[in-house]
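Please look at it first, then read on.

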Amino acid sequence: DFTTYDRIGLNEAIKKGAVYLNIHMYVIHKLEEAVYICEQQCQSTDCTQDAVHSWDQAVAFYTGSLEGTSGTGNGKLLYAQADRRCRDFRTCGEHGDTYVGTSQVNIQIFEHFRAGRLDLNNAAVCESARNRRDKIINLMAIPMIQGTLRYAYITDKQRNASGEKAEAEGATFAATILPLVYHCGKEDAQVIWENMAVGSGPANFVEVKQALEAHYACMGIDGKMVGGLYDPASNVYYEDAEPCCSESRVDKKAAITGGVLGSVCFFLILVIIVMAINRRRTGKDPNFAEAETAPGEVTSTSEISMQPIKDG
């Protein structure tokens, strides 16, 4: 209920909601429409014009006219949002390892935009266009996750500098990503909602971060592309806000299952080793020592003053 906010909060909710909740969905609609036309109506290349037109509309609504032809203008839509968030999370550039320039998200999205248009225009390659559509939709979610994390951090760690502006922005960002999280894990979606909903007060940043990270793989998102909340002045990530992983993190159930299976395998191997040692000691299997070979080397790895974030 955004009516609990004053003009400052309402202003942020309206501006951000118009783009992240409405235009975001319209871009997806036009991508879906382009693929639908290709799959359902195109029996030859004669009808590709309508599919390409819908695809071009998706590009236009994603970018906005204020970006100009170079993409370096003062835009207000999703393209500009991705570039703003890459500066906060150090995910700009082709490799996503700097905090200046075009976001890695935008670079990859436009690669798919261009390739998808060729798929539709040249030979109505619908399956390839469909795959491009899915990748674009997944990439579009990354700045929304970054925005959710950013304002969860501000309302939690920098309460004196936050207020209803930060809370309203955080609630709007969270609203864009909650359906995806809910699809992957209802309990974690509830955690995010309780922390980020309008009127919920300061968020628990760590809870929100963990709830999101648990489902990156399910949402088709590479955790490395999300990055971590970065302080360029100190050249470090903010406390508790480091990048989660170098690749897409598996969800909690998969991790738990893998841990259980690994423990069982370790136990069985240990039993076999003990039995082998006993056989050698008792001499019941004289051929054992001759047949004994090292199965392979097993290795294990472990991976596991700040400036306040400027609101805006």
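How many disulfides are there by the rule applied here? The count comes to 3 disulfides, a disulfide being a pair of cysteine sulfur atoms within 2.5 Å. The model is predicted: local features need pLDDT of at least 70, side-chain atom pairs count only at pLDDT 80 or more, and totals for chains, interfaces and linings use all residues. Residues are numbered from 1 along each chain as its sequence is written, and side-chain values use heavy atoms, with hydrogens and water left out.

| Disulfide | S to S distance | Angle about the S-S bond | Hand |
|---|---|---|---|
| Cysteine 38 and cysteine 126 | 2.0 Å | -85 degrees | left-handed |
| Cysteine 86 and cysteine 92 | 1.9 Å | 90 degrees | right-handed |
| Cysteine 184 and cysteine 218 | 2.1 Å | -85 degrees | left-handed |

Cysteine 184 lies in helix H6 (residues 164-184) and cysteine 218 in the loop between helix H8 (205-213) and helix H9 (223-226), so this pair ties together parts that are 34 residues apart in sequence. Helices are DSSP runs (H or I) of at least four residues, numbered from the N terminus. Cysteine 218 counts as partly exposed, at 39% relative accessibility; buried means under 20% relative accessible area, exposed over 50%, and partly exposed in between (1.4 Å probe, protein chains only). Both cysteine 38 and cysteine 126 are buried, and cysteine 86 and cysteine 92 are buried as well.

Helix H1 (residues 7-41) holds histidine 24. Histidine 24 is buried, with a relative accessible area of 8%. Not counting residues up to four places away in sequence, histidine 24 touches Val19, Leu78, Met140 and Met144, where contact means heavy atoms within 4.5 Å. Leucine 10 is also placed in helix H1 and is partly exposed at 30% relative accessibility.

Definitions and conventions:
Helix = DSSP H or I, 4+ residues; strand = E, 2+ residues; numbered from the N terminus.
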